[in-house]
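Please read them beside the sequence and the coordinates.

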Amino acid sequence: MAQGTLMALIAAYSLFPIYFITVQSLKTPQEDVFGSPLWVTDPSFENYTELFEGAKARPRGFVILPRVPFLDWLANSALVLAGSLAVTLAAAVLAAYALGRLQPPGWRWWRRALFATYVVPHTILFVPLYQVIIRLGLDDSHGALVLIYSTMALPFCVWILSAYYQHLPREIEEAALIEGASPATAFVRIVLPMSRNVLIAAALFTVGTVGNDFMLASIFLLDPTKQTVAAGLGVMDVSLEELVTVAGVNLAAIPVAAACAVFARGYVRGLTAAMVEGA
Amino acid sequence: MAQVVMKDLNKKYDEVHAVKDVNLHVRDKEFIVLVGPSGCGKSTTLRMVAGLEEITAGEIAIGDRVVNDLPPKDRDIAMVFQNYALYPHMTVYDNMAFGLKMRKFPKAEILKRVQDAAEILGIQELLKRKPRQLSGGQRQRVAVGRAIVRHPQVFLFDEPLSNLDAKLRVQMRVELKRLHDRLETTAIYVTHDQVEAMTLGDRVVVMKDGWVQQVGEPLELYGRPSNRFVAGFIGSPAMNFVDVGISEANGAVWIETQGLRLKAAADRTDRLRPYKGQKVTLGIRPEDIRLASGSDTPDRTFESVVEVVEPLGSEILLDMKIASAQMVARVEPTVRVKVHEPIKMAINTDRLHFFDLKSEAAI
Amino acid sequence: MAPALVLVLGVLAYPVGWEVWVSLTDFSTRLDGPPSFVGLANYLALGREPEFWHALTVTVAYFVLTTGLKLAIGTAMAVALAGPFRGRALVFLAVFLPWAYPGSVTVIAWFWMLNPPLLTSYAVAMGGVKHAFDGLFGTGAWAFLSVALFNVWRGASFTAVFLLAGLNALPTELFDYARLETRNAWQRFLAVTLPLLRPYLALAVFLSFTTAFADLANVWMLTGGRIVFPVLGTQAYWLGIRNGQFAEAAARSLSLVPLLVLALVVLFRWFDPPRERAA
Ligand SMILES: Nc1ncnc2c1ncn2[C@@H]1O[C@H](COP(=O)(O)OP(=O)(O)O)[C@@H](O)[C@H]1O
Ligand SMILES: [Mg+2]
């Protein structure tokens, strides 16, 4: 019983803010002002449908509300997410395999160097970062975000994958080599499928990294049609008062959260696989 | 079907010289076993044959081809590993079929071969399972099955039974032997277990510190070990060793140490005579020490005290000392002796082994 | 390995190098002509500045507080989730969500909960709390708390799932044996669980660092600077981006480096100890 209570508390603590914001997003403007913050008596999807009305401003009550190209934003977000996933996973798998399996001299130090970048706050680096982006010709482009998100997710992904490869019995690949596979085939047909859960863990971590960012997106993407959902919010100073935008991010969050829920088990398994030594 | 020839084979890692000048001719259809203590270079040798380790110096030929520069997949070999090395994400069927698929065999042929192999090994029921749903013994069978479906020229085994429990190990040992008789494929088998080596090998190669110590049929190694290391390594319980002095008196050669004075058998005297006045190492197999009876003359007996009795059922082991050296005697199960009591033992002097104190070579 | 290293080090090395160099010059948009080298002058100036020391204290306090809480709550939730019980999968999902749910949504949720923007009875009540709190601990304390709470909420979720994976990776025999050797669960936790989790705890600290920085900046940007308390990052941003005093800003950012290096050395000791060579 005590355990049940504890679990209920943990769940409530974890879910409350999400519940809270969802409740707000379902409110009509009247209820928003006069209702209770904790529940909604007259749920309406007005805020959500509003999002898809197109990008022209129109009056609502006494104020002119800016409207947003929400569908563009959604598509951009999906694009940036997909790009970051592809770049991060490809680079991480190769780097991790090289570090964890081939173990070139000083590989531990390379891995540490990668990890050490985590204590360098990206947030204080945006001036020079911006210069890099401009030099690469990526300003106001999704490529900039893909690049930066990938550098943020990579060290962790490389760490879990290389820890996994480090302890993966060599004999499994060797068996494939003897059975007639080339090293590349052995990697694709044997090593990659085996690391499925670890790859899921790496992918979800990347999703979390991308999903959490807000600042970088709003700094590096200025053109409204190119913005991601998060970046779009950033430029709207009024956004905090606006139920519509809350509905917007909440909507965008649903597929992400759903994907995380589906793969949650694989995520834990993957992390565990990376942590088991000598397995 | 092929012979394997290793010529002056060497392997050096950065600090370790793991394999030194190995010369070995594995005949067609032969089952040869590499045995030696852990770290002696057996696996390294085998892995060079497989193509998994670069050859530092020397040459390996499989059949008539020198394979030094061939990648593993072109050597037409199959290998079974100690940890089975099954692909965890594939079913047993796919595990066994993988090599055939890589070689683009037609589907029907793959199916037939996998089923045949599964039948031979009695794993037909397991084909749809994943490796993690199998017991250790079953995994071992799958690993063997994966090796035999391709009908390779040579089988390589690296301690394939070491992860199994004792009973299963004995059972699989017999099955492997039977399988080899049936398939008649050349096999190189690595183990640290001398019993496995003796029971499986047509010939056995004993290695130590990267050197080959002796190559021979099992009974030859047991009866005529070429040096002290082989003598001590082959046989269980191990041969007893004690340093003795050699002297000559009354036309016979005598072997002496504190509490022991034996007359050398006539066929050894010539070889021992040069060591007169020097010390050599005497080796006695446990079964060559027995309880003395009335007819045993003093020149083949000694007195000692039994320190430990190990009744194994089919035999009894007695632990005692000669001079300060520990001795084990293997006696009939009917013998009854008490611990800590004085006892008189006799030695089969015509089955003694002698080794040079320095070179450790057999005399 | 090459692609990942190029990506991470390329994208990060240049900005870091730029920061270091700039911090040694008098680079500023307010000055004409090329920047000149001034050595350590910027750093010396910092040392004389009381606001700097205040900001440094707040920054360090923020890290220590959030990281400590994340580890404590995360470990507690991980241990609670480790045993089997009914509904475990659901509670697990609940614990997983704060991290998986995109930060742009949940940050608004926290902002609305603690700093309600609209004038409602709830907002008035929270406003009262805020004033009382600020009165007690100084201006900005409530803001500090808001950001810290948000960061801890998300970070503890990640830490919990991460440590749960770590617990799964530990051999169960160890815990069985510990049962024979220890008297109660608490002792077992201290003597066995905690030391075994140490490498993963160290890793979690790394990630805590980044997210602590990132969340700070996220909140700050999202609220248009409304949630503000002096930390080095925001001071640097203010000076650099708003005032163009890049040199001072860089020096300010880099003043944390010695502390970060110290943290790195300790953490690497813990999570990647020099291991015995495999035989
Ligand atoms: N990859 C390697 N790098 C360095 N030394 C190795 C490597 N593999 C094996 N060795 C060394 O070579 C020697 C022989 O090893 P191995 O052939 O595995 O012995 P075993 O007879 O037990 O199979 C050992 O001393 C071992 O430490
Ligand atoms: Mg070996």
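1. Helix α10 of chain A is mostly covered, with 15 of its 17 residues buried; buried means under 20% relative accessible area, exposed over 50%, and partly exposed in between (1.4 Å probe, protein chains only). Helices (H or I, at least four residues) and strands (E, at least two) are DSSP runs, numbered from the N terminus. α10(A) covers residues 196-212 and reaches 24 Å from its first C-alpha to its last, close to the 24 Å expected at 1.5 Å a residue. The expected span is 1.5 Å times one less than the number of residues in the helix.

2. On provenance: this is a predicted model, in which local features need pLDDT of at least 70 and side-chain atom pairs count only at pLDDT 80 or more, while totals for chains, interfaces and linings use all residues. Residues are numbered from 1 along each chain as its sequence is written, chains are lettered from A and ligands numbered from 1 in the order in which they are written, and side-chain values use heavy atoms, with hydrogens and water left out.

3. Leaving aside residues up to four places away in sequence, Ser208(C) touches Thr67(C) and Lys70(C), where contact means heavy atoms within 4.5 Å. The side chain of Ser208(C) makes a polar contact of 2.9 Å with the side chain of Thr67(C), and another, also given as 2.9 Å, with that of Lys70(C). A polar contact is a pair of N or O atoms within 3.5 Å; within protein, one must be able to donate a hydrogen and the other to accept it, and residues adjacent in sequence count only if both atoms are side-chain atoms.

4. Chain B has 9 helices and 21 strands. Its C-alpha atoms fill a box of roughly 80 × 45 × 35 Å along the principal axes. Of its 363 residues, 52% count as buried. Among contacts in chain B with a separation of 6 or more, 67% are between residues 24 or more positions apart.

5. The interface of chain B and chain A takes 23 residues from chain B and 17 residues from chain A. The buried area is about 1,700 Å², with 67% given by carbon and sulfur atoms; buried area is the accessible area (1.4 Å probe) that two parts lose on being put together, summed over both. In chain B, Lys73(B), His89(B) and Met102(B) lose the most area to chain A, together 28% of what that side buries.

6. The polar part of this interface comes to 7 residue pairs in polar contact, both residues being at pLDDT 80 or more. On the side of chain B, the elements that give two or more residues are α1 (42-50), β6 (77-80) and α2 (92-102). Of these, α2(B) gives the most, with 4 residues.

7. The rule finds 2 salt bridges across the interface of chain B and chain A, a salt bridge being a side-chain nitrogen of Lys or Arg within 4 Å of a carboxyl oxygen of Asp or Glu. Glu179(A) pairs in this way with Arg150(B), the closest N and O atoms being 2.9 Å apart. A network of salt bridges links Glu174(A), Lys11(B), Arg47(B) and Glu53(B). Over all chains the count is 22 salt bridges.

8. Within chain B, Asp116(B) and Lys112(B) form a salt bridge at 3.1 Å between the closest N and O atoms. The two are 4 residues apart in helix α3 (residues 107-121), and are therefore separated by about one helical turn. Asp116(B) is partly exposed at 35% relative accessible area, as is Lys112(B) at 49%.

9. Which parts of chain B does the pair Asp288(B) and Arg351(B) link? Their side chains meet in a salt bridge (3.3 Å, N to O). Asp288(B) is in the loop between β14 (279-284) and β15 (289-291), and Arg351(B) is in the loop between β20 (342-347) and β21 (353-356), 63 residues apart. Asp288(B) is buried at 2% relative accessibility, whereas Arg351(B) is partly exposed at 43%.
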